[in-house]
Amino acid sequence: MQQFHHYIGGQFEAGSAQFDSLDPATGAAWARMPEASPADVDRAVDAAEAAFYAPDWAEMTASQRGKLLLQLADLVAENAPRLAELETRDTGKIIRETSAQIAYVAEYYRYYAGLADKIEGAHLPIDKPDMEVWLRREPLGVVAAIVPWNSQLFLSAVKIGPALAAGCTVVLKASEEAPAPLLEFARIFDQAGFPPGVLNVMTGGAAAGAALTSHPKVAHVAFTGGPETARHIVRNSAENLASTSLELGGKSPFIVFEDADIDSAVNAQISGIFAATGQSCVAGSRLVIASSIKDQFLERLKQKAEAVVIGAPDDMATEVGPLCTQAQRDHALALIAASTTAGARLVTGGVAPDRPGYYFPPTILDCSDAPDAPCLHTEFFGPVLSVVSFNTETEALAIANDTQFGLASGVFTQSLTRAHRMIRGIRAGIVWVNTYRAVSPIAPFGGHGLSGHGREGGLQAALDYTKVKAVWLRTSDDPIPDPFVMR
């Protein structure tokens, strides 16, 4: 089996222990992964701290950092096919998605390369005539970045890109579920010319995560994952008082009004819940549909769902591949059973196919007569859509906001005024109107409530990896007056 390695202080190593990674398409082991111990984590953080203060990084100009990020972007684009193959093999995501997504990841590094020397301070018009005061933006320090297995090249780029642009150093922990793409990314990063220790990449379980997020030398924790793990991270950050940014998924409403373009909305809903086998934090997993068009919409959606090509993830013809783990499939089956018991009607799907691997079909549950069905409130992280109908705009908005999450949302209507009312009323960090699941390095990404806090992407993400220093310069040559009076 292929052997992967940690990347610590510019060196590749096997780790304190190893474990097998399973191919979701077959359930069989295909590679050996290193497993970080708390001691490994400690060495990685030490390497990142040493790099942060070393002259070859600390004294590098912002423009030079940008050039290194541009070199990294070119290497990511060049190696995108290899990274896509590894992500498909280790996670089960279909190759047509991983190929397109990883190729686009290079644009995130290019964006932050260009932003590196645009992070500016400010001059303050201070109210004291003999003083000049200005603000400097300086890097926070060592950043702990923790990402899940899904879309991991993208979810790491939105942390590594702005952190390095700001001048921070990073310790990245890849998910132990499927870390191959990020461990391979470390080899690509090593070729870009960054000083040793600027980025360190490892994988491991809860012990490694706890050691990293509570480490006294970590200044910021950037995490993508589930709310329960996020609670542990916030508790751990009490030990080092690190700042946190948390992107925690959601139960996003996909709202379709009676005047919507039905064909376009159906295709967008397919993209929103069945693409990536539903394993997306922004999955449009709650269809909130006008009662007058519900039957028509569901009939078209059912036909398309049942025509989806389920197959091997490395086949370009495949549209839905396996889930990443057996635990995910078990969770989906249990949640569907609980929801149908609560009154939800199974429209299609819901039964795992009898074949090797962790496959699960596109599934639709009509919950219009079961408002308390657990599928309406619990994240599946799989290709399962829950449907609820409405009669008025006010009711649609209430249903959309009936969640503890607040990451993404979609609104489909031809009415410009209605669209603006919904944009104002929906409590979510992202509102897509007449489209869904679109991203760009230029636009911030993040949510509210149990979907976390902080933003990734855009200028603000880079600023979040900086701290502000106020500088006071006295311009008078006269002796300082009464020392017992505060100026």
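User: How do H9 and H10 lie to each other?

Analyst: The model is predicted, so local features need pLDDT of at least 70 and side-chain atom pairs count only at pLDDT 80 or more, while totals for chains, interfaces and linings use all residues. Residues are numbered from 1 along each chain as its sequence is written, and side-chain values use heavy atoms, with hydrogens and water left out. An angle under 35 degrees counts as roughly parallel, over 145 as roughly antiparallel, 65 to 115 as roughly perpendicular, and the rest as oblique. H9 and H10 are oblique to each other. The axes of helix H9 (residues 262-273) and helix H10 (residues 294-307) cross at roughly 50° and come within 10 Å. Axes are lines fitted to C-alpha atoms, for helices over the stretch in contact, with angles from 0 to 180 degrees between N-to-C directions. Helices (H or I, at least four residues) and strands (E, at least two) are DSSP runs numbered from the N terminus.

User: Which hand does the crossing of H9 and H10 have, and which residues make the contact?

Analyst: A crossing is right-handed if the near helix is turned clockwise from the far one by less than a right angle, and left-handed if anticlockwise. H9 passes H10 in a right-handed crossing. On H9 the contact (heavy atoms within 4.5 Å) is made by Ile262, Asp263, Ala265, Val266, Asn267, Gln269 and Ile270. H10 brings Gln296, Phe297, Arg300, Leu301, Lys304 and Ala305. By class, the contact has seven nonpolar, three polar and three charged residues. Ala, Val, Leu, Ile, Met, Phe, Trp, Tyr, Cys and Pro count as nonpolar, Asp, Glu, Lys and Arg as charged, and the others, Gly among them, as polar.

User: At what angle do H5 and H6 pack, and how many charged residues are in their contact?

Analyst: Helix H5 (residues 152-166) packs on helix H6 (residues 180-190) at about 40°, and their axes are 10 Å apart. H5 and H6 are therefore oblique to each other. The crossing of H5 past H6 is right-handed. Gln152, Leu153, Ser156, Ile160 and Leu164 of H5 meet Pro181, Leu182, Phe185 and Phe189 of H6. That contact holds seven nonpolar, two polar and no charged residues.

User: Which residues of H13 are buried, and which are exposed on the face turned away?

Analyst: Buried means under 20% relative accessible area, exposed over 50%, and partly exposed in between (1.4 Å probe, protein chains only). In H13 (residues 416-425), the buried residues are Arg418, Ala419 and Met422. They span an arc of only 100° around the axis, which puts them on the same side of H13; the arc is taken from the directions from the helix axis to the C-beta atoms. The face turned away from that buried side carries the exposed Leu416, Thr417 and Arg424. The buried residues pack against strand S13 (253-256), helix H12 (393-400), strand S18 (410-412) and strand S19 (432-433).

User: Where is Ala276, and what is its phi?

Analyst: Ala276 lies in the loop between H9 and strand S14 (286-290). Its phi is near 60°, a positive value in a residue other than glycine. Ala276 is buried, at 6% relative accessible area. Arg437 also has phi near 60° and sits in the loop between S19 and strand S20 (452-453). Arg437 counts as partly exposed, at 25%.

User: What does Ile442 contact beyond its neighbours within four places in sequence?

Analyst: Beyond those neighbours, Ile442 is in contact with Tyr111 and Gly458. Ile442 is found in the loop between S19 and S20, and is exposed with a relative accessible area of 61%.
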